[in-house]
Amino acid sequence: MSGLAIAMTSFNRSRAYLLNHLVNNLGSFIFGYIYVSIWKAALGDSPETQAMVTYIMVNQSILWVTMFLSRGAYIPQKIREGTIVFDLLRPYGLLFCSFFEVAGHGLYSLIFRAIPIFLLGYLLLGVSPPEIGRLLPFLLTLFNGFLISFLFNYFVGLWSIKFLSPTAAQGLLYMTMNLLGGAFLPAEYYPGFLRFLMPLLPFACANYYPSSVYLGTVSLIRALALQCFWIVVLFLLALYMTEKLTRSIQVQGG
Amino acid sequence: MRSVIALFMASLKAQYEYRLNFWLDTLINGANLFSDFLLMAFLMLSFKEIGGWSLGEIAIIYSIVEMGWGIFRFFGEGLHRFEELMVTGRFDLLLIRPMNTVKQLLLERIDFRRLGVVVEALAVAVFGFTASRIDFGDMWLAYISLVFFSTVMTFEINIILAAIAFWTVRNSDIIVLAFYSTRTAAMYPAHIYGPVLKNVLTFIVPLASVAYFPVGYLTGRITSIIALISPVLGVTALLPVTVLIWKLGLKHYASTGT
């Protein structure tokens, strides 16, 4: 129950910036349009173009749920302001609290960011709507993608407990997610050994798998197996590191 | 001038205090933007050309826009985070000092970590000149001039966008919409876009005029001489607009208090 209450508070807090986010959505849509234009120029009038337009715009929409989550799962901000002590006083762990806080924000982003950007893509760029049979599998893999992304952001938060500034870890996460997440480039266009490596890494679980399941180019079983494997590995690592790091926490502000 | 040097040194000292973080941030700043270019390079291993332009040629326009951005962020962090000054009411402090507000903003925080972006942009340019077999010997003056215009234009656009915060207080999402997206668009050949975005890049946020048009002319893809002089036209046309909007904003400014 307490988890849901945290999520709801986080959801409502995000909603305070709705107008800002709607302006930002337009910017995000233009980014999607730029990538769509690059692909259209590359592929020309081939049958693959339509699928690629959909792939890019689905990714551009879900970026707000699978990549641009709250920086370091809100932890760096709490460290700086000193409010992390309140989280540590509560009768549940930091991981639990961070998860529901980010989940509330994630749900908000899905409704007010991902869906509007997708609708713009559907109306203006001719993105294919989801096939009924693939909608549930897509949402399932999207949720898993969110979990993976949350765990990565949580690691950035843990980094800031240790090193105080999250910027380096945050930058490194963005770079890796950008390069290996597959939001701009699906696995088959990667060169050499990266073509085989990229779909096996956890970064691909955030974008490449949900949008490929949407298009039906990757089987649901394969996507789920890989996502679940990485969720378990990263979750255990997060548990272990939380235990280790929260013992030696340094509070900056107050 | 003495105060300029003093503020410059203060920024350097403050950032160099956390050495490991400073070097990591600088490195990652450059690498982060490089990952965008790398993805483009991966794509072009399969296609060779995008809208008739090779990867090397795209690298040159990419680098011109990126370098302008890197130099802007080096000096312009105060402008870039102008919203914070508005929200906290700290802009009042700048108004009571006997120095031009824009100059103070430029010196407020010099972000040395952005040198990573400048180095990355330079590396992309070197790659571009090598891969496209354009002789850097003939082109270096043109490249440096275009980087200069790109920087000036990035400053102009960002002063205008900062000034919007005089009315709206918050402007970071407007920056995403009006600048981040157009900056990214200007890194690729503008003719691959539809007429709306192409016209925006030519006439409204005219970043195509500092990279795509002149490089298009120099590589023989665009024949009109206007393409060659478009950087001068673009930067000159934006200047009075920039000054006017900033001055109007200053007049309109009402502090939010602390």
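Axes, as used in these legends, are lines fitted to C-alpha atoms, for helices over the stretch in contact, and angles between N-to-C directions run from 0 to 180 degrees. The model shown in every view is predicted.

**View 1. Packing of helices α9 and α10 in chain B.** Two packed helices are described by the angle between their axes and the distance between the axes. Helix α9 of chain B covers residues 172-186, and helix α10 of chain B covers residues 195-204. Their axes lie 11 Å apart and meet the description of packing at an angle of about 95°. Angles of 65 to 115 degrees count as roughly perpendicular, and α9(B) and α10(B) are therefore roughly perpendicular to each other. On the α9(B) side, the contact is made by B:Thr182, B:Ala185 and B:Ala186. On the α10(B) side, B:Leu197, B:Val200 and B:Leu201 take part. By residue class, this contact of α9(B) with α10(B) comprises five nonpolar residues, one polar residue and no charged residue.

**View 2. The fold of chain B as a whole.** Chain B contains twelve helices and two strands. Along the sequence these elements follow the pattern α-α-β-β-α-α-α-α-α-α-α-α-α-α. The C-alpha trace of chain B spans about 55 × 40 × 30 Å along its principal axes. For 258 residues, a compact globule would have a radius of gyration near 18 Å, and the 19 Å of chain B agrees with this. Buried residues account for 53% of the 258 residues in chain B. Of the contacts in chain B between residues at least 6 apart in sequence, 72% join residues at least 24 apart. The accessible surface of chain B amounts to about 11700 Å², and 70% of this surface belongs to carbon and sulfur atoms.

View 3. B:Glu77 belongs to helix α3 of chain B, which runs over residues 55-80. Residues under 20% relative accessible area count as buried; B:Glu77, with a relative accessible area of 1%, is therefore buried. When neighbours within four places in sequence are left aside, the residues in contact with B:Glu77 are B:Phe72, B:Arg109, B:Asp111 and B:Arg114.

View 4. The loop shown here lies between α3 (48-66) and α4 (75-81) of chain A and contains A:Ala73. A:Tyr74 also lies in the loop between α3 and α4 of chain A. Phi of A:Ala73 is near 50°, a positive value in a residue other than glycine. A:Tyr74, likewise not a glycine, has a positive phi of about 70°. A:Ala73 is buried, with a relative accessible area of 0%. A:Tyr74 counts as buried at 12% relative accessibility.

View 5. A:Ala114 is found in helix α6 of chain A, which comprises residues 94-125. With a relative accessibility of 3%, A:Ala114 counts as buried. Beyond its neighbours within four places in sequence, A:Ala114 is in contact with A:Ser61, A:Val65 and A:Ser109.

Methods: Residues numbered from 1 in each chain as written. Chains lettered and ligands numbered in written order. Predicted model: local features only at pLDDT ≥ 70, side-chain atom pairs only at ≥ 80, totals over all residues. Heavy atoms only, no water. Helix = DSSP H or I, 4+ residues; strand = E, 2+ residues; numbered from the N terminus. Parallel < 35°, antiparallel > 145°, perpendicular 65-115°, else oblique. Contact = heavy atoms within 4.5 Å. Nonpolar A, V, L, I, M, F, W, Y, C, P; charged D, E, K, R; others polar. Rg over C-alpha atoms; globule rule 2.2 N^0.38 Å. Buried < 20%, exposed > 50% of the residue type's maximum accessible area, 1.4 Å probe, protein only. Areas by Shrake-Rupley, 256 points an atom, 1.4 Å probe, with all protein chains shown as cover.
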